[in-house]
Amino acid sequence: MQIPSKYDASKVESKWYDYWMKHDYFHSTPDEREPYTIVIPPPNVTGILHMGHMLNNTIQDVLIRRARLQGKNACWVPGTDHASIATEAKVVAKLKEQGIDKNDLSRDEFLKHAWDWTHEYGGVILEQLKKLGCSCDWARTKFTMDDDMSEAVIKVFVDLFNKGLIYRGYRMVNWDPEAKTTLSDEEVEYIDKQGKLYHIKYKIEGSDEELTIATTRPETILGDSAICINPTDKRHFNLKGKKAVVPICNRVIPIIEDEYVDVEFGTGCLKVTPAHDENDKVLGDKHKLEIIDIFNEDATLNSYGLHYEGNDRFEVRKAIVKELEDLGLIAKIEDHSNRVGISERTKAIIEPRLSDQWFLKMEDLVKPAINGVLGEDTDIQLFPKKFENTYRHWMENIRDWNISRQLLWGQQIPAYYYGDGKEDFVVAETVEEALKLAQEKTGNSELQASDLTQETDALDTWFSSWLWPMSVFDGIRNPENDDIKYYYPTNDLVTGPDILFFWVARMIISGYEYKGEAPFKNVYLTGLVRDKQRRKMSKSLGNSPDALKLINDYGAGGVRVGLLLSSAAGNDLLFDEALCQQGKGLGNKIWSAFYLTTLWEVSNDIEQPQSSKVALDWFEAKFQKALAEIEDHFGKYRLSDAIMVIYKLIFDDYCGWLLEAVKPAYGQPIDTKTYNTIIGLLEDNLKILHPFMPFITEEIWQLIAERTPEEALIVAKWPELKPVNETLVTEFDFAAEVISGVRTIRKEKNIAFKDAIGFSVINNENVSNAFDEVIIKLGNLESIEYVEEAVEGALTYRVKSNEYFIPMAGSIDVEAEIKKLTEELNYTEGFLKSVQKKLSNERFVNNAPEQVVASEKKKEADALAKIETLKASLSSLG
C-alpha cells in the first residue's frame with residue numbers, strides 16, 4: 001500500500017469518524033466495567049459552534065477518549081437546550097418576516113412554528129461537533145423539550161409544589177420588555193451607563209411653596225404615589241403633613257416620612273413610585289401607598305401615561321423633560337453615572353415590574369448543595385478551587401427563584417384554574433388528575449375538564465436543565481432504572497464559570513433533592529476564550545474565528561491541540577491561530593516519523609547495535625517519566641500541561657533524538673529487534689496522543705498493521721505505569737549536551753557531518769560511558785578517548801566540569817581560527833570589565849532591584865566561563 005509522505009486531514013477525518021460510528025465505539029450500555037460518564041452542557045438548540053464550544057467539547061472528548069482507553073465504560077451524553085427566550089425570539093422574528101404577528105396565533109399554532117423551526121435549524125451544532133471529533137453517544141441524544149424530558153420537569157414541579165416549596169406570589173420582578181417575560185436575578189447583567197440626574201420641582205398643595213426631587217427616570221413621575229423625606233432632615237421640617245402635586249398629571253400625593261431617605265443624596269426629597277422600583281415598593285407597602293403601573297409589557301406607556309400613551313419609555317423621557325422645562329419645573333440637569341440592569345439574552349434594559357409569578361423557595365433546598373462543595377466531607381471538587389468563593393457567595397445569599405416565564409416555548413406550568421380568584425387553582429401532572437383535585441377542593445363533582453384553564457406561563461429554561469444529569473437517564477420518571485443506577489452520579493462536568501450558579505449549582509441542588517447525592521464528582525471550569533489582545537471574542541468585534549474554517553485549515557487535531565496549548569486550567573484562553581499551526585505541526589511531525597520507518601528495510605540477519613539498544617532503553621524510561629507527569633496533570637485537570645508533556649516527548653525525544661539514534665546508515669537495513677521496538681514505542685505515543693488528536697493517530701495506527709475492529713486505536717489499552725529508570729534519563733540528558741556541543745562546533749567550523757572526527761574527554765564528572773555509542777553515532781566521531789590532560793591543537797568545550805576536545809588538524813585554517821578566537825576573547829574580556837565595574841559600584845548594588853543585580857552576576861559568571869573555554873581553545877591551538 002502506497003503511504004503518502006504528507007498527512008492530509010481532509011482525506012482522513014470523515015473516514016475514521018464514519019468507521020467509529022459504524023462500529024458503535026461511542027455507544028455505551030451498562031455492564032460489569034467501571035462507568036465513566038460525562039453529560040454535555042447542552043448548547044442552545046439555536047446555536048452554532050463557536051470558540052467556547054470548541055474548547056469545552058475538546059476537553060470533554062479528551063477525557064472521554066482517555067477513559068475509553070483505560071478500559072472504562074465511557075458514556076458521553078449529548079443534547080441541546082430549548083433555550084426558551086432565545087428560540088422564541090428567533091421564531092417571532094421569522095414569523096414577522098412572513099407578516100405573522102405572534103399575538104394573532106393560538107398557543108398550539110405558535111408551538112407548531114417553534115417545532116418546525118427547531119426541526120429545521122436545531123441540532124446543527126451537534127453535527128458540527130462531529131467535525132471536531134467528539135465521540136458522544138449519539139444514540140442517547142436528548143433535547144430538553146423531548147416528551148420524556150418535559151414529563152420529568154412537570155413531575156418535579158408538582159412534587160416541589162406538594163412539598164410546599166413552590167408558591168405563587170405578587171412580587172416585583174425583573175422584566176425584559178423585549179422578550180416580554182420576567183427574568184431571574186441571575187439572568188440580569190449590570191453595566192455602568194452614563195446618564196443624567198434631573199432635578200424636578202413639585203408644587204406644594206394650596207401654597208406657593210415648592211420642593212425639588214432628583215431622579216434619573218423623569219418619565220416615571222406619572223406613577224408617583226408619594227414624596228418621602230427623612231424625619232430628621234431639618235431642611236424639610238416645613239413639608240411635614242403636607243401634600244405635593246405631581247407635575248403634568250396634577251395628581252395630589254402625600255408627603256411621608258421615613259428614615260430610609262438618604263439625606264446626603266440629591267435634594268433629600270425622594271419620589272416614591274412603588275410600581276417601578278423595588279425599594280419604593282417596600283416603602284409603598286409600609287406606608288400603604290397606591291400602586292400605579294404606567295408601563296405596558298413592552299415598556300411603552302399605558303393610559304396612566306396620559307398624552308404619552310403608546311410611546312416608548314426612552315422617547316417619553318426626552319419629551320417629558322422638554323415639557324417640564326417649558327413649564328419651568330426643571331431646576332437643573334447633571335451628568336450622572338449609574339448601574340443599569342440589562343437582559344443577559346436580549347440586552348434590553350430591565351424594568352422592575354410587579355406581577356404574579358411562580359417562585360421556588362431556596363433557603364432549605366440549598367443547604368446540602370453548600371455542604372456538598374464546601375463542607376468537611378465534600379462530594380464535589382471544583383477545579384480551579386478559586387471558584388469555591390464565588391460559589392459560596394451565591395449560595396449563601398440566595399433568594400427565592402422566580403421560575404415562571406411569560407413565554408410559549410417551554411414546559412407549560414401544570415397549574416389549573418377552576419375559578420376567578422388568584423388562589424382558585426390546583427397543580428397536577430395531567431388535566432385528568434387536576435380535574436379530580438379541583439372536584440375535591442370545590443366539593444363540586446359536576447366540574448368538567450373544560451371548566452379548567454391551564455396557567456399560560458412556561459417554566460424557566462434552567463428549571464428543565466437543572467435536572468439534566470438525572471433526566472437524560474430517565475432518573476426522575478423511573479428512579480430505579482438500570483441506566484440511572486449505573487451512570488449516576490456522573491464523573492466530570494466541564495463548563496464555563498459564567499453558568500456556575502445558573503446551571504452547575506442548581507444541578508447540585510436538584511441532585512441532592514432527587515437522588516440524595518451529588519450529580520457529579522468533579523467540575524472543571526474552563527476560562528473564557530479571548531483574543532491575544534485579551535478581548536472577549538464576539539461577532540461585533542469580528543475577532544471570533546469561524547470554527548469550521550479553522551478545522552478546514554488546520555485539521556481537527558491541529559485545532560484541538562491549539563486550543564489546549566493556549567488554555568491553562570481555569571484561566572482565560574488567549575487564542576492565537578498560530579497555536580493551531582503548532583498543533584498541526586505536531587501532527588505533521590509524528591506522520592513524518594512514521595513515514596520514515598516505512599522507508600527502512602528490516603533485516604533478521606543483523607545484530608542490534610549497542611547505540612540502538614541503549615537509546616531504546618532510555619526512551620522507554622523517558623516515556624514512563626512522561627506518562628507519570630501526564631497522569632498527574634490529568635488528575636488536576638491541567639490538560640494544557642498534559643499536551644505540552646506529550647508534545648515534547650514526541651517532537652523532541654522520539655523524533656528528535658530516538659529516531660536519529662536508531663536509524664540505519666544511508667542504504668543500510670535496520671535490525672528487526674530495533675525496528676519492532678521503535679514501532680511499539682510509536683504505538684505507545686499514539687495511545688497517549690489519541691485523546692488529543694484522534695484522527696491522525698487512528699490513521700497511523702491502522703497503517704502500521706492490519707487491525708480488526710476490536711484492535712482499533714480508539715479501544716486500545718492505555719499504557720501501564722511502570723517504575724522509571726531515572727539514571728538512564730539523567731545520563732542521556734548529559735549525553736545530549738555533549739552531542740549538542742559537537743554539533744555546534746561542526747556548524748561553527750563548517751566541518752561536514754559526513755567526515756568522522758576525533759574526540760577526547762577529561763571525565764572530571766565520572767560520567768558513565770553507557771551512552772558513548774550514541775554520542776559516537778550522533779556526533780559522527782571516530783571514537784571517544786578518555787584522557788587525563790588537555791589535548792594540544794584541539795578546540796574544546798565543557799559540559800559541567802567535563803572538558804571535551806576535537807582535534808582541528810587538517811579540519812580548519814588554524815591561523816584564522818586563532819585570530820577569530822582572539823577577537824572573541826578580547827570582546828568577552830571587555831564585556832566582563834563593564835559588568836564588574838557595575839557590580840563594584842555600591843550604589844548600584846544597594847539600590848537596583850534584586851533581579852537586576854542577580855542578572856548582572858549571572859552575566860559575570862557566564863563571561864568568566866566563556867573566557868576560560870576560549871583560553872583553553874587558544875592554548876590547544878597554539
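Let's start with helix α24, residues 814-839. At 1.5 Å a residue, its 26 residues should span 38 Å, and the end C-alpha atoms are 37 Å apart, which agrees. The expected span here is 1.5 Å times one less than the number of residues. Helices (H or I, at least four residues) and strands (E, at least two) are DSSP runs, numbered from the N terminus.

A word on the source. This is a predicted model, where local features need pLDDT of at least 70, side-chain atom pairs count only at pLDDT 80 or more, and totals for chains, interfaces and linings use all residues. Residues are numbered from 1 along each chain as its sequence is written, and side-chain values use heavy atoms, with hydrogens and water left out.

Back to α24. Which of its residues are buried? They are E817, L821, L825, T828, L832, V835 and L839. Buried means under 20% relative accessible area, exposed over 50%, and partly exposed in between, with a 1.4 Å probe and protein chains only. The charge criterion: NZ of Lys or CZ of Arg within 6 Å of the ring centre and within 35 degrees of the ring normal. R707 does likewise: its charged end sits over the ring of W701, 3.9 Å from the centre.

Next, the sheet. Four strands form an open sheet, in the order β29-β28-β31-β30, with mixed pairing. Strands pair if DSSP finds at least two bridges between them. β29 (785-786) and β30 (794-799) stand at the edges with a single partner strand each, so one side of each is left without a neighbour in the sheet. β30 runs antiparallel to β31 (residues 802-807), and six bridges join them. Within that pairing, L795 has I806 in β31 as its bridge partner. What packs on this sheet? Helix α22 (residues 726-748) does, touching β30 and β31. The direction of α22 makes about 150° with that of β30. Contact means heavy atoms within 4.5 Å. Axes are lines fitted to C-alpha atoms, for helices over the stretch in contact, and angles run from 0 to 180 degrees between N-to-C directions.

Now a hairpin. β7 (residues 188-204) and β8 (residues 210-215) pair in the antiparallel sense over six bridges. K203 stands opposite E210 in β8. Five residues lie between the two strands, and G206 takes a positive phi near 70° in this hairpin.

On to the aromatics. How many aromatic pairs does a search of the whole structure find? It finds 38. Rings of Phe, Tyr and Trp (its six-membered ring) pair if their centres lie within 6.5 Å; planes under 30 degrees apart count as stacked, over 60 as edge-to-face, the rest as tilted. Take F143 and W409: centres 6.4 Å apart, planes at 35°, so the pair is tilted. F143 lies in β4 (residues 142-143) and W409 in the loop between β17 (404-405) and β18 (415-417), so the pair ties together parts that are 266 residues apart in sequence. Both F143 and W409 are buried.

F619 belongs to α18 (residues 610-635) and Y654 to α19 (residues 639-662), so parts 35 residues apart in sequence are tied together. F619 is buried at 0% relative accessibility, and Y654 is buried, also with 0%. There is a cluster as well: ring pairs link F157, F161, W358, W401, Y417, F425, F463 and W466.

Last, the backbone. Most residues other than glycine have a negative phi, and most peptide bonds are trans. Here are the exceptions to look at. The bond from F383 to P384 is cis, with omega near -5°. P384 lies in the loop between β15 (381-383) and α10 (387-396). Y488 and P489 are also joined by a cis peptide bond, with omega about 0°. P489 sits in the loop between α14 (482-487) and β22.

Then phi. N250 is not a glycine, yet has a positive phi of about 60°. Is N250 buried or exposed? N250 is exposed, with a relative accessible area of 53%. A299 has a positive phi too, near 70°. A299, in the loop between α7 (278-287) and α8 (313-326), counts as buried at 1% relative accessibility.
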